[in-house]
Amino acid sequence: MTTVEHVQPGHETAEITAPDAGPVRRRGRRRGLASTIVWYLLLLVLAAVVLYPLVWLFFATLKPSSEFGRNSGLLPWAPTLDNYARVWDGIAGIPLWRYALNSLIVASLAVVGTLGSSALAGYAFARVAFKGSGIFFAAMIGTLLLPFHVIIIPQYIIFNQLDLLDTYVPLLIGKFLGTEAFFVFLMVQFIRNIPRELDEAARIDGAGHLRIFWSIIVPLLRPALVTGGIFSFIWTWNDFLGPLIYLTSPENYTLPIALRLYNDATSTSDYGATVAASLLSLIPVLLFFLIFQRMLIRGVATQGLKG
Amino acid sequence: MVTVPTSAGTPTARGSGRTTDRRAAAAPHAQQPLEPGRRTSGGAAAAARRETIAGYGFLAPWLVGFFGLTVGPMAVSLYLAFTRYDIFTPPEWVGFGNFVRMFTDDPVFLRSAKVTLEYVLIGTPVKLAAALAIALLLNSITRGSGFFRSAFYTPSLIGASVSVAIVWRAMFAGDGPVDSSLQVLGIELGGWVGDVDLAIPMMIILVVWQFGAPMVIFLAGLKQVPTELYEAAQVDGAGPVHRFWKVTVPMLSPVIFFNLLLETIHAFQVFGSAFIISNGSGAPGGQLNFITIYMYKRGFADMQMGYAAAIAWIVLVVVAIIAAIMFRTARSWVYYAGDNR
């Protein structure tokens, strides 16, 4: 059936399009305008729904404690900044900035470790022809698909035996050793797109791999490093399970664990402080996204296409 | 001095053939020209050895991580799965005891497995369908798509955070924003968190809300579908629905497959949001007791490390089976255009 139809329109289009082009096109354009308006309306409604929880959170932080449980509307009756003032005083005797500082330290070190280790591994996979590279590349892709469940218990036992609980080492060591395959893969994809002629020119000039990596690849890798760095920062900043398992004393807590403390200890009495702290902890993530959205989205897109 | 680069792909067979061949077979980048031999080095074999040393040098941190933090721990957890272990006394071998107990004597585990599968098998397809539908919508407008793309992507960045979990719990609480809106429509549901039937839908809404990441990948895929295909289909009289199924879906199928695989595996690992929403309990009726939460409670609260490791291996096996089914069926529906990958 399809084959017959294939042949027929081929003949007919030449005849039909010429006389009929006018009405067809006009009808198409009118439908186009109407559907465009519908599309935009749909998208606007969708955007409003998608962003509503964030808008709700923002207004919730401005509600005085007396309104929680009574004012289920979006806007506060008597807006106030009291919640932020109480957040500033902190939880468990520790001010919120201290948790934020912990998070900042962990996330920044994670960025350094992740970028360094994954750029090195990425270069090895993309540019060095060594025995075993195919097998290890497959293994790396395999870890991308590995559920973390099977490794967290033994890792905990190891770090327990090394007496490293309640430090940041268990949270960071994996980053410095490139265990997050997403980032290695990002680097591999990016390096593969850098023209090889550049390497070869340097090689003819007598440069070795270290030299090529450092003077040619790393400068050109900057977009991937920015994208990877921001993802690494945001994911570490949001990470909950790792700090929950490894950090035991409140002064070491990162923000998500501290938020949990707010959530548990004060959910009935001081809900206002909880939402205010929640919003504050999202701000770095949202800021990064506002500034670097193009690069981030491109990074996500390339991931999927070249898989 | 040898300035002509020797292609590693062609066997240079000069006594050194063995090393070169095996290297060429193992390395996917075989076309790479070798470093021109310096006077001191002895030709292809030495160059190949240098490449191998360089390769493992660059790969060293990753290799330490791979064996020390992934493969090693996997082996340990496989061993622990057959033991009883509380971290303070040495592990005690129990054979298949943990697995037998799981499936015959632990209704909480079975409930947890059921809840997790429900969440993964419903949430992931719905999320991807939403992502694809909205990607198509965005692809058909010309102005402002950047704004919408960013707006829709935002939840993917923050969706797993504790902050959003706190918001979600409030949104779906009794007399919260969702409940009061539904009351206006005459639907009285009450709080979703405590409701055995509504807790999973609430979590599915949370994961579908994060449709932005797969949507961005779909959008990039849609941009690569040649417009001639649509024009040709239109000339052949294909309507929008027909074009979607006969052009869009086949052309996007590699991207759909990629998203489906990663999102499914990702969904199995749901933890933080359900943990926060249920105050670390998995909810009284177990409706939020996802497998990761249950494993966490067994391992880190009850110190039943052996049992928790056994649960972890069941998760791995289930994920592997689902992935294998996907790869197996992929042959019949994933279409690689021109094989130009």
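1. A term to start with: a residue is buried if 20 or more other C-beta atoms lie within 10 Å of its own, exposed if 12 or fewer, and partly exposed in between. Met303(B) has 14 C-beta neighbours inside 10 Å and therefore counts as partly exposed. Please keep in mind as you read on that this is a predicted model.

2. Staying with Met303(B), you will find this residue in the loop between helix 13 (291-301) and helix 14 (305-333) of chain B. Its backbone deserves a look: phi is positive, about 55 degrees, although Met303(B) is not a glycine.

3. Asp166(A), which is not a glycine either, has a positive phi near 60 degrees. Asp166(A) sits in the loop between helix 5 (149-161) and helix 6 (169-176) of chain A. Because 14 C-beta neighbours fall inside 10 Å, Asp166(A) also counts as partly exposed.

4. Now the confidence scores. For the model, ipTM is 0.83 and pTM is 0.84. Chain B has a mean pLDDT of 84, with 86% of its residues at 70 or more. One stretch calls for care: over residues 1-41 of chain B, pLDDT stays under 50. Where pLDDT is low, the predicted coordinates should not be read in detail. That applies to the 70 contacts beyond four places in sequence that the model has for residues 1-41 of chain B.

5. Among the contacts in chain A with a separation of 6 or more, 73% come from residues 24 or more positions apart.

6. The axes of helix 3 (residues 96-127) of chain A and helix 10 (residues 222-238) of chain A come within 8 Å and cross at roughly 140 degrees. The two helices are therefore oblique to each other, and their crossing is right-handed.

7. Which residues of these two helices meet? On the side of helix 3 of chain A they include Ala107(A), Ala110(A), Val111(A) and Thr114(A). Helix 10 of chain A brings residues including Gly228(A), Gly229(A), Ser232(A) and Phe233(A). By class, this contact has eight nonpolar, seven polar and no charged residues.

8. Helix 10 of chain A also holds Ala224(A). Is Ala224(A) buried or exposed? With 25 other C-beta atoms within 10 Å, Ala224(A) is buried. Leaving aside residues up to four places away in sequence, Ala224(A) touches Leu186(A), Met187(A) and Phe190(A). From Ala224(A) to Met295(A) there are 71 residues in sequence, while their C-alpha atoms are 8.5 Å apart in space.

9. Last, the place where the chains meet. The contact takes 79 residues from chain A and 89 residues from chain B. On the chain A side, helix 1 (residues 2-60) gives the most, with 15 residues. The residues of chain A that touch chain B divide into 50 nonpolar, 23 polar and six charged.

Note on methods:
Residues are numbered from 1 along each chain as its sequence is written. Chains are lettered from A and ligands numbered from 1 in the order in which they are written. This is a predicted model: local features need pLDDT of at least 70, side-chain atom pairs count only at pLDDT 80 or more; totals for chains, interfaces and linings use all residues. Two residues are in contact if their C-beta atoms, placed from the backbone, lie within 7 Å. Helices (H or I, at least four residues) and strands (E, at least two) are DSSP runs, numbered from the N terminus. Ala, Val, Leu, Ile, Met, Phe, Trp, Tyr, Cys and Pro count as nonpolar, Asp, Glu, Lys and Arg as charged, and the others, Gly among them, as polar. pLDDT is the predictor's confidence in each residue, from 0 to 100. Axes are lines fitted to C-alpha atoms, for helices over the stretch in contact, and angles run from 0 to 180 degrees between N-to-C directions. Angles under 35 degrees count as roughly parallel, over 145 as roughly antiparallel, 65 to 115 as roughly perpendicular and the rest as oblique. A crossing is left-handed if the near helix is turned anticlockwise from the far one by less than a right angle, and right-handed if clockwise.
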